[in-house]
Each structure stands twice: as structure tokens, then as C-alpha cells.
Amino acid sequence: YWSGVAELENLKAVASPGERETRWKKEENVTFTPVTVILFVVICCVMLVLLYFFYKWLVYVIISVFCLASAMSLYNCLAALIGQIPFGQCRITCSNKTIEVRLIFLAIFCIAAAVVWAVFRNEDRWAWILQDILGVAFCLNFIKTLKMPNFKSCVILLGLLLLYDVFFVFITPFITKNGASIMVEVAAGPFGNSEKLPVVIRVPRLEHSASTLCDLPFSLLGFGDIIVPGLLVAYCRRFDVQTRSSSIYYISCTIAYAVGMVLTFIVLALMKMGQPALLYLVPCTLITSSLVAWRRKEMKKFWKGSSYQVGWRP
């Protein structure tokens, strides 16, 4: 939805040269091209392998990056909401720049939230709530900031990351010495390391047994399982805005994501082992989006994206 709002502002800016220049100066979006998509997937593969072999040291790098990125993301998300409130807009001037006082307090709050999580991240009884809030903010900001220019780039990204997910979950056990999946090992923390990567949404399982008295079991959903299909959903939302199609692509793709997630949990319950969620999310969202575009006879436009995106930028 946020991506759709930003797209509507971009379309309005195109109609006015003055607004267009101002909008581009403020715009912080990064557009994925097929080349950058492939580079992104290669970086993901390299990072996962490095984490598998050097987890003890790199885990702290990831924690530090997460704290910084999640604090900035939480600020961006809350600042967008606060900006809609017409009260408390007191400003101060510093170095010929003006800033709202409430945004200063918001920045302090976001930094404090990230620091509190970093200090108490191993407190399983409540730290997972703060991690989930920071994680949701990170995913929202990531999806809004990274733009897929067309359905072609979406297919390449989701297809490659589906292969990436399946390979590192199901194929790597035949390669590793201990027969363990690289993806599962990294997610669980290899070498018995107590530090866990903060790149998942954690929710306590509703189980009651003797083991839960000492160790609270969690269900995990990786950020990638939210962000990757989310980029397609965001593209569908922007395409709806561009074509004034009453949110049909957005709603259909969101429902498809929900169906894919339900399938993931069903297979998880039946097989009693961790599942690569993208195995179910990617086909559901891609096939649904394709069917909607084909049914509306807009596949060519949906595949190539809107022409205005390349029409004005110098």
C-alpha cells in the first residue's frame, strides 16, 4: 500500500516539471534491473556460505547491521505516520536547516529500541516482541525502498531466489560433511553458538510440555520469505495505480501470498521438518499475477512495466 502511495506521488510529479525535480531529489528508491537482480542473488549466496563457515564472527556483524538498519526503518515507518498528524509541528533551526522537534524525539526512540533489543536479545520471554517489531519495520521499509520496474524483473528475482532456497535447504545436505542443510544450520546457529541471526520473525509455539518450561520453542519466518514476494506485491500495487485498475492485481497477489503461506504451514505440519517458504509462495504469487494480467489482456504492459518510469529521468 505504501508503495502505491509513493507511486501516485510520482505520477503527479511527472505532470509538473517543478514538482518532478523536487520529487527526484527527495526520492530514496532503488530500482532493480535484471542485472542487479542477478548480482543481488549472487551476493545472497556468497553471504550464506560465508556465514556457514565463519558464523562465530559474522553473526555479530549481522546483529550490528540489523540494529542500524532496523532503527532507520522504524524511523521511516513512524515518520510517515507522524507526517499525517497536523499537530505538534514545532521546529528548530540548526546550521541553516529546520527540523521538527517531534522527529528528533522519534529518532531517539528508534535508536533506543534497537539498543534495548541488542542488549537483551537473548531474553526469550519478551525480546522476540521487540525483534519482530523491528523486523516488520525493516521489511516494510525494504519493500517500499526497492522497486521492481516490471514483471520481468520480478520473475527473474523470485525464480532465482526460489532455486537458491531449494538448493541450500534440500541439496546441500548431500554436500556437507555432517549431512546438514546449510540454510538450516545458519538459521539455527551452527557450532552450538548461542547467538542467533536476527533475520527472522519469531513467534512462540503454543505448546505445553516439560521441555517448554526451560526452553521456549519458536516458529520462524525469514525476512526473505516476506520481502521477496512482497516486492512482487508492491509492484502489483504500483501497477494498479498506474493503470487505475481498482487494486485487482494488489488484492489478488496478496490473497495468493496468504494461500502460499497456508500451504507452507500444512506441509510443515505433515512433514515435521523446516520448509523453504518460497517453494510455495513464489508459484502462488507469480501464477496468480500472470493469470490476472492475461485475463485482463495486459500481460505485455505488465511484463514490461510503465513507460513513464524511463521517460523523464536524466
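Is Val 169 buried or exposed? Val 169 counts as buried, because its relative accessibility is 10% and buried means under 20% relative accessible area. This is a predicted model, and the report below walks through it.

**The chain overall**

The chain has twelve helices and six strands. It holds 314 residues, and buried residues make up 43% of them. Take the contacts between residues at least 6 apart in sequence: 70% of these join residues at least 24 apart.

**Spans from the record**

An unreviewed UniProt entry lists several stretches under "transmembrane region". In the model, residues 155-175 are 81% helix and 0% strand. Their end C-alpha atoms are 28 Å apart. Residues 248-271 are 100% helix and 0% strand. Here the end C-alpha atoms lie 34 Å apart.

**Two partners of H11**

Helix H11 covers residues 278-295. Helix H7, residues 151-171, packs against H11. Helix H9, residues 223-243, packs with H11 as well. The table sets out the two pairs.

| Pair | Axis distance | Angle |
|---|---|---|
| H7 and H11 | within 9 Å | roughly 160 degrees |
| H9 and H11 | 10 Å | about 5 degrees |

Start with H7. Its axis crosses that of H11 at roughly 160 degrees. That angle makes H7 roughly antiparallel to H11, because angles over 145 degrees count as roughly antiparallel. The crossing of H7 past H11 is left-handed.

Which residues of H7 meet H11? They are Phe 151, Val 155, Leu 158, Leu 161, Leu 162, Asp 165, Val 166 and Phe 170. On the H11 side stand Leu 278, Leu 279, Val 282, Thr 285, Leu 286, Ser 289 and Ser 290. By class, this contact of H7 with H11 has eleven nonpolar, three polar and one charged residues.

Now turn to H9. The axes of H9 and H11 make an angle of about 5 degrees. H9 is therefore roughly parallel to H11, since angles under 35 degrees count as roughly parallel. H9 contributes Gly 224, Asp 225, Val 228, Pro 229, Leu 232 and Cys 236 to the contact. H11 contributes Leu 278, Leu 281, Thr 285, Leu 286 and Ser 289. The residues of the contact of H9 with H11 divide into seven nonpolar, three polar and one charged.

Leaving out residues up to four places away in sequence, Val 169 touches Ser 181, Met 183 and Pro 276. Val 169 and Ile 182 are 13 residues apart in sequence. In space, their C-alpha atoms are 6.6 Å apart.

Ser 3 is found in helix H1, residues 2-14. Why is Ser 3 called buried? Ser 3 has a relative accessible area of 6%, and buried means under 20%. Setting aside neighbours within four places in sequence, Ser 3 is in contact with Ile 143, Lys 144, Ala 234 and Arg 238.

Arg 102 lies in helix H5, residues 101-119. At 16% relative accessibility, Arg 102 counts as buried. What does Arg 102 touch, not counting residues up to four places away in sequence? The contacts are Ile 82, Gly 83, Ile 85, Phe 87, Gly 88 and Gln 89.

Methods:
Residues are numbered from 1 along each chain as its sequence is written. This is a predicted model: local features need pLDDT of at least 70, side-chain atom pairs count only at pLDDT 80 or more; totals for chains, interfaces and linings use all residues. Side-chain values use heavy atoms; hydrogens and water are left out. UniProt positions are given in the numbering used here, feature names are shortened, and annotations may be inferred rather than shown by experiment. Helices (H or I, at least four residues) and strands (E, at least two) are DSSP runs, numbered from the N terminus. Axes are lines fitted to C-alpha atoms, for helices over the stretch in contact, and angles run from 0 to 180 degrees between N-to-C directions. Angles under 35 degrees count as roughly parallel, over 145 as roughly antiparallel, 65 to 115 as roughly perpendicular and the rest as oblique. A crossing is left-handed if the near helix is turned anticlockwise from the far one by less than a right angle, and right-handed if clockwise. Contact means heavy atoms within 4.5 Å. Ala, Val, Leu, Ile, Met, Phe, Trp, Tyr, Cys and Pro count as nonpolar, Asp, Glu, Lys and Arg as charged, and the others, Gly among them, as polar. Buried means under 20% relative accessible area, exposed over 50%, partly exposed in between (1.4 Å probe, protein chains only).
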